[in-house]
Amino acid sequence: MNKEYTVSRYILERLHQAGVGHLFGVPGDYTLDFLDEVLASPIRWVGTCNELNAGYAADGYARMNGIAGAVVTYGVGGLSILNAVAGAYAEQVPMVVVSGAPSTRRKASGALVHHLVDNYQLQFDVFSKITAASAVLSDPETAPAEIDRVVAQCRMRKLPGYLELPADMACAPCRRPSAGWALPSATSDPAALAECVAEAVRRFDPAKNPVLLAGVELMRQRLGAEALKLVETVEIPFASMLSSKSLLPEFHPQFVGIYQGGWSQENVRRQVEESDCLLSLGVWMTDLDTGLFSVHFNEERVVSAGGGKVRIGHHVYDNVQLGDFVRALTGALRPRSYVQSHPAQRPAFRPPFAAKPACPLTAPRLYECVDDFLDDQMVLLAEPGDSFCAAPDFMVEEAENFIVQTYYASIGFCTPAALGVALARPGKRPVVLTGDGALQMTAQEISTLIRQRCPAIVVVVNNDGYLIERELHEDGAYNDIQPWRYSRLPAVFDPDGAASVGVRVTTEEELVAALATAKAQKEKVHVIEAWLPNRDCSNGLRQLGQTFRGQK
């Protein structure tokens with residue numbers, strides 16, 4: 001065993017080899033030796049204001065980078081980041097959480113040390129439920145193999161992983177990582193793949209109105225380029241869903257629109273639901289992606305792939321990976337001139353936004369203005385709430401320029417996630433659309449955006465409380481929140497104003513001016529508080545509210 005190599009260094013080298021360039025977290029006494037090693041490593045430490053926000057930042061980072069890492073201390077830190085890790089597990093976002101822990105000596109004695117909840121096994125048991133793999137690194141002899149296993153499973157399965165590092169193991173000597181470490185990848189059963197592709201061809205080639213529905217798993221598996229090659233090779237119209245928005249370019253001539261079941265534009269709904277061969281690739285049939293389950297598919301006409309299997313009618317083929325299926329289809333399906341003879345009914349382009357003089361701001365006009373403002377060098381993060389209800393109408397051209405947490409839908413996610421996005425893609429600028437209620441949950445991370453010189457633009461939709469809850473149910477006082485002057489937050493976090501700007505807008509002209517200033521001042525964080533009177537909201541949120549109330 002090489003006494004100059006440690007368990008901490010082993011973790012960091014494997015994380016770096018897997019693609020982690022930054023670690024998000026909050027220090028604690030059980031992590032300090034490990035953090036000393038972080039500072040001496042090629043991986044950059046990014047301290048956040050709390051552990052939950054570290055998890056959200058890691059989530060945003062992983063969506064852009066392919067994997068992320070976070071560091072927390074035991075108990076108070078580990079259980080604080082738990083909600084963010086649960087969201088990453090639900091949405092298939094790979095991140096490795098390294099949690100410091102009491103020493104193996106204390107654990108063996110059963111001592112009641114600080115940050116302990118009930119027993120030394122509890123935190124590990126909790127994380128094992130929401131990770132692809134987890135390990136307690138209590139033996140330097142076995143630690144390298146356990147680290148390799150957890151990191152590899154995290155990358156391969158696109159899910160979080162958990163490493164618990166007792167304080168006395170951080171500097172414990174261990175063997176060096178083996179050279180040429182190859183991360184495993186999931187493989188398909190060749191016979192099952194060949195058979196399901198052959199059946200898909202028999203369904204697709206005679207079809208007169210085929211459509212491809214691109215789902216979020218294509219995005220999580222980083223298969224956007226392969227999916228685009230498929231639609232262009234075969235010349236098939238395609239639709240996306242809210243969770244997979246921007247996976248494929250929305251100005252593409254074969255783009256139909258965003259499909260959300262009964263919430264879809266009528267031409268989009270008909271083209272998808274009346275297709276005589278619907279290629280459903282990586283689609284998750286979640287409530288918000290399906291307009292609260294208002295889809296009407298003829299399952300006999302659907303070829304569905306995802307989750308390691310393919311379903312065609314009543315036939316199910318196991319052990320078929322989505323990427324293998326997409327690539328095989330590209331070479332097997334008969335190309336057609338369908339698009340030339342039956343062009344997709346694409347959504348109409350909006351004219352450039354023109355502010356009406358002295359016109360008070362409304363929610364629909366706010367979203368139209370922001371949509372017009374966005375460019376290819378910006379990544380839009382739409383917060384759960386009114387913002388992600390308005391998002392289907394936005395036109396996003398470039399792949400990976402849109403982030404939304406549609407399935408887990410944890411409000412407060414987007415502002416800290418923007419930190420991870422900015423660090424993973426330094427050439428792109430995050431634009432956050434968040435509500436006042438959501439921002440109050442994670443507003444501290446505007447401070448870290450400023451500190452890290454991540455020039456995000458945060459548009460706060462100030463519509464007086466938890467508006468989505470008001471639309472879903474008869475209103476109550478529980479939806480009220482303390483009113484803040486959100487535009488003054490930069491002055492709190494950045495007293496000299498060197499790296500940030502805050503402004504409150506109430507009219508269309510003021511919003512246009514504020515966004516123009518933000519675009520010109522590319523090095524600063526901008527917080528734009530958009531004040532909406534009368535609790536105004538998007539048409540999408542009203543539709544959600546009407547559907548939800550009708551189903552109660």
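Helices (H or I, at least four residues) and strands (E, at least two) are DSSP runs, numbered from the N terminus. The model shown here is predicted, so local features need pLDDT of at least 70 and side-chain atom pairs count only at pLDDT 80 or more, while totals for chains, interfaces and linings use all residues. Residues are numbered from 1 along each chain as its sequence is written, and side-chain values use heavy atoms, with hydrogens and water left out.

Figure 1. Of the 552 residues, 58% count as buried; buried means under 20% relative accessible area, exposed over 50%, and partly exposed in between (1.4 Å probe, protein chains only). Take contacts (heavy atoms within 4.5 Å) between residues at least 6 apart in sequence: 78% of them join residues at least 24 apart.

**Figure 2. The largest nonpolar core has 52 residues.** A nonpolar core is a set of buried Ala, Val, Leu, Ile, Met, Phe, Trp, Tyr and Cys residues joined through side-chain atoms within 4.5 Å. Phe24, Leu381 and Leu419 have the most contacts inside this one. Helix α16 (residues 414-424) gives the most to the core, with eight residues. A second, separate core of 43 residues includes Phe353, Val370, Val396 and Val461.

**Figure 3. Helix α4 (residues 82-90) carries a run of buried residues.** Ala84, Val85, Ala86, Gly87 and Ala88 are buried here. Their packing partners are α3 (51-65), β4 (95-101) and α6 (122-128). Just after α4, have a look at Gln92, which takes a positive phi of about 60°.

**Figure 4. Leu79 sits in the loop between β3 (68-72) and α4.** With a relative accessible area of 34%, Leu79 is partly exposed. Leaving out residues up to four places away in sequence, Leu79 touches Val117 and Gln123. For a sense of scale, Leu79 and Arg334 are 52 Å apart in space, C-alpha to C-alpha, and 255 residues apart in sequence.

**Figure 5. Ser244 is found in the loop between β8 (238-240) and β9 (255-258).** Although in a loop, Ser244 is buried, and its relative accessible area is 0%. Neighbours within four places in sequence aside, Ser244 is in contact with Ala214, Gly215, Val216 and Met219.

**Figure 6. Glu400 has a positive phi of about 65° although it is not a glycine.** You will find Glu400 in the loop between α15 (386-390) and β15 (402-404). This residue counts as partly exposed, at 27% relative accessibility.

**Figure 7. Asp464, another residue other than glycine, has a positive phi near 70°.** Its loop runs between β17 (457-462) and α19 (467-472). Asp464 is partly exposed, with a relative accessible area of 35%.
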